[in-house]
Structure formats: structure tokens, C-alpha cells
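This briefing is meant for a reader who is meeting the structure for the first time. Please look over the sequence and the model before going on to the notes.

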Amino acid sequence: MAKKSNADYLAQCKSRIEASRRWRKDDGYDATWRRMTDMYKGRHFDDYRTEDRILVNISFSTINVISPSISVNYPKITVNAVSPENAPQAVIAEAVTNYWWKHRDIRSHFRRAVKDMLTFGHGWVKVGYRFVEEEDTKGGDTEVSDPVSGGEPTAHSVILEDSPFAERVSPNDVFVDPDGTSMHDIRWIAQRVRRPIEDVKQDKRYNKTARENVKVMAVSRYADDPSRKKIYDKNAGYAEVYEFYDIASNLMCIFSEHGDNYLIKPTLMPYSFGQPFVMLRNYEVPDHFYPMGDLESIELLQKELNETRTQMMNHRKKFARKYLYKESAFDQLGRTALESDIDNVMVPVISDENLASVVTAFPAVINPPEFYNQTQLIIGDIDRVSGVSEFQRGGVSEIRRTATESSLMQDAANARTSDKLATVEQSIAEIGRRMVLLAQQYMIGEQVARVMGKDGEPVWVNFDRDYLQGDFDFEVAAGSTQPANESFRRQMALQMVDALAPFAGAGIIDMGKLAAYVLQMGFGVKNPDEFITSPPPQQGMGPAGPAGAPPVPAEAMPPEMQAMLAAQQQQQQPPLQ
């Protein structure tokens, strides 16, 4: 088969993106994602009415109960060497990866991707390498290695950034192969990047002819005249640039939607692991690429809850006490007193008729009490479908339960959260693996990472690309991204002390290390050694206690024990010759 020309390949890439766009529209994915966004924001009504309507945003509560429980803290990424000779490098790789996660602010991007996963059903994180340098305007003698020129020293330049990055990508800007069912069988993936057209035209990485022909695709929503659909200033507005990754051919290219040339021609993928996107998947749908989110399954229940509460509010407004009275039985003073809301007011009646026939209460239609129980019924259905319990939402059950029952209910409620937590931890491990692979491939100089020492003090580690070489396995410590439950940790530490107390007298437990563990893990003390003193030197010791236990000083014994010990020592002395 003859090799395709660049023009044919560019047309094929654009047709693939257009096919993916039509697939998302025809199958309703774009519309569903817009509705889920509106549900989270509290825009649940499609039309406008003059009557009042009530909105109870359980969708917002559901997302913000699950999200902090799986991605609130910094992860503890552990790195293990595949072969024994790479064990020292694994220690450095682990420290550097955790340092990058904090210092490069990856957690904020990852938490946004987790919220995308819960809302839309999936989230995207792009992992790449960023190398930024600028000329030294002060005219210094700085010399650094330039990866573009093959590592030759370049004078008068300063490296501003030389490290991997991980950033969140909007689900609306990622297009995938419509025939794929997972990330393992897609043939291509592309990202739409909206950039100011002026930046595109000045980006020297792009082909000069192609960047000059880039057209404006959108204007700012806060432009002077946002109603204009066309803009005639070629240096204003935004251009849409596509990064296309052909997984089957291991090629990547960059182009604009309406350009006839490549901004960057097809070339081999720059990363050793292939395409740079990590996908966070929520509830899998068999034989479908896009998973379901937590809001899609409760959408109808959310609308029913809003409708029910609106009906209740309108009923309360219509329920007002009214009275039927005979107009001729009251003068103006009597009618004023009758309409007054002041307690114990005298109402004069000028008629001689029976008072029972003068004023009577107007009968009001009262809905059955079951009508007001619909709210709790719907919220119970939402909790059952979403897997978020009443305890997790911060509610207090009306039924008294024992501690064991509450613990069992909490464990059952956490089962679905644990599944999401496993997905989050697997994605974090994959991101960490790719960051280390990029550092092995592109890092050119020596860097410094700040890590925490044994006692919590900062330690600075110098490393370069050679320190990170090797094949490693990446894992995330279970539960490290969950909120820290201080009372639970303290309780577990104290339970450990109670469990090991019978072994303390046998001498098989190092009490100093046990005390340090309790202070550090149970109470968060960073330097527990400051609270622990070494035992005094043992002098004048008496007989030993239990096997392995330290002997008891003679001075600490009661007087009776001291007299008995002195008598035993006299009996053991040899007779005088």
C-alpha cells in the first residue's frame, strides 16, 4: 500500500475528529454532560415561570460528600524496584515523585479531574514534560545544556523549569476513537486547545506558513461586542489547535481546524509510554467507552424532589384561614376588630341574630400527611441509588443504634467509596510512573528535592537523571488520600498499647519505640524522641524479676524485702577459715 501524503493524512485526522464530534452529539453525551453541570450548579429548571419554585440541590451534596472522601489529602506514593540493583534509585524516585506532587501543585489539577469523574463519569489528566529557559539579560556567565541542540552548552541562558507536569483537561476538549470501548483498544486520541491567536502566530515551534493562516474560531465572552459572530481583526480572538495522537501508527501532529497545513508535521510520539492522557473512569457501562457519573442515575429523582417541594410550598401559601360572616351584623369597628391579628380583641356585633350564624370558619382542604412524607421517601431513594448514606451527609438518624450497628452500616456505605478510592489510587500511581519515565527521558541537569526525614525535619536531596534510572513499580498507600480521622488514629494507637501491655514485662517489647510510635502516629508529634528519656544506669541492683525483665534496685524494695535479701546474701557467703 502506498504511503499517504501529508495532505491526505491531515484530511484523515480532521475527518476522525469530526466523526468523534458527531458520535458524542448523536449519542447524547454532550447534552448529558451539560445537564450534569447544570445539576451541580443548581440550574435544574429548563423554563421560566412566574410562580415560585423550590430547588433542593442533593446533586451538589452528593458530589461534595464523595469527592473529599477520596482525594482530599496528598497521596503517599511508594516506589519499589523491580530488580535488586535498582533499590537505591527506587528510594530517590519515591522521594522525588512525592515532592513533585506537592511542589508542582498536581493535587489541585487531580482534584478537579476527580470532580469531573464524579459529575460526568470520567476525568482526564495530561502528563507531559515542560522545559522553559530564557536568555540571561544580566550578561552573566551561566551555561546550561540545551536539549534541542543535542546537549551542547548554551551561554547566557537560564532554565526556569525542567520537570514533568500533570494537568487536568476538560472532558469537552478530548476526542477519542468512536469504535473504542476502553483506553486499551482506541486507535487515536486528540485534544482541542483554545489559545489566543496572537500567541499561536508568535509560537516559533509551529510552522511559519501554517501559523499565519490560522483563523479565529471564538471571541471572548466579555468582548466589547460579544454579539458579533464574526470578527475581522486577525490578531484578536481565539484559535482552536488540535493535538492528534495516532496510537496505531505511534505518530503525533498538531494542526488548526481550518488550516490547510500542519503546525507540527507528523512525527514519532515524543513520550516513551505513548499518548499522554490518563483517564479516570467512574461506573463502567458494558461495551461503551464513556462511563456513567454519580449524577446521571439520580437525575429524575432530583427533578421529582424539586417538584414535590414546590407543590408543598404552593400548598402552604394557599392554606390561609378565612371566615364567612354576615356583613349586616358588623359595623366598620366590628369588621376592623374581626380582621385584627391582635390577641384578646373584643369584636362588637350589632345584630340580634345567633352568633353561630353570624361568623363561621371557611372549610379548608387539608392534604393527607403522607403527602409531606414524599420528601423523605425521595431522599431515601437518592441515598440508595448514589450509595451516600445519611451519616455521610451529616444527618442524624432518628433510630437509636448501638456502636456495632453504626459501624456495620458505615462499612456498608463505604464499600462503593472504596471502589472509587481504588480507581483514584490506581490513577495516581500511573501518573507518578509517567512522571518518572519523562524525567528519565528528558531531564538534563541536576535538581534538588525537599523530603521529610525520619523525625519530620526537611532534608534536601540532590539528584539528576541517573539517580532515577531503572524499572519500578508504583503504588499508593491505601487510604492516604482520604481525610485523616484523628480520633480513629488515636484510638488505634491506644488499643495497640493495651494489646502489648502483657508483653511489656517479658522484655520482648521495646517500650521506647512503642512510646515513639504512639506519640507520632496517634497524636501527630513529629519529634517523639524529645519526650522519651533513656533509663538511668542500673547500680546496686537486686535480684532479677521475670525472665528478660530489668532487675529491681535494692533501694526501691520494701524494708521486709531488703532484710530478706540481706539474710540470703549472708547464707551464701563461705565460712571463715
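The notes below treat a pair of helices and then the pairing of strands.

This is a predicted model, in which local features need pLDDT of at least 70 and side-chain atom pairs count only at pLDDT 80 or more, while totals for chains, interfaces and linings use all residues. Residues are numbered from 1 along each chain as its sequence is written, and side-chain values use heavy atoms, with hydrogens and water left out.

**Helix pair**

- Helix 1 (residues 6–26) and helix 2 (residues 29–41) have axes that come within 4 Å and cross at roughly 60°, helices being DSSP runs of H or I with at least four residues and strands runs of E with at least two.
- The two helices, helix 1 and helix 2, are therefore oblique to each other.
- R21, W23, R24 and K25 of helix 1 meet Y29, D30 and W33 of helix 2, where contact means heavy atoms within 4.5 Å.

- Three strands form an open sheet in the order 5-2-11 with antiparallel pairing, and two strands pair if DSSP finds at least two bridges between them.
- Strand 5 (157–169) and strand 11 (277–281) stand at the edges with a single partner strand each, so one side of each is left without a neighbour in the sheet.
- Strand 2 (residues 122–135) is joined to strand 11 by five bridges, and K126 stands opposite F277 in strand 11.

**Further strand pairs**

- Strand 6 (residues 174–176) runs antiparallel to strand 7 (residues 188–196) and is joined to it by three bridges, with V174 opposite Q191 in strand 7.
- Strand 7 also pairs with strand 8 (residues 238–246) in the antiparallel sense over nine bridges, and R192 stands opposite Y242 in strand 8.

How values were computed:
Axes fitted to C-alpha atoms, helices over the stretch in contact; angles between N-to-C directions. Parallel < 35°, antiparallel > 145°, perpendicular 65-115°, else oblique.
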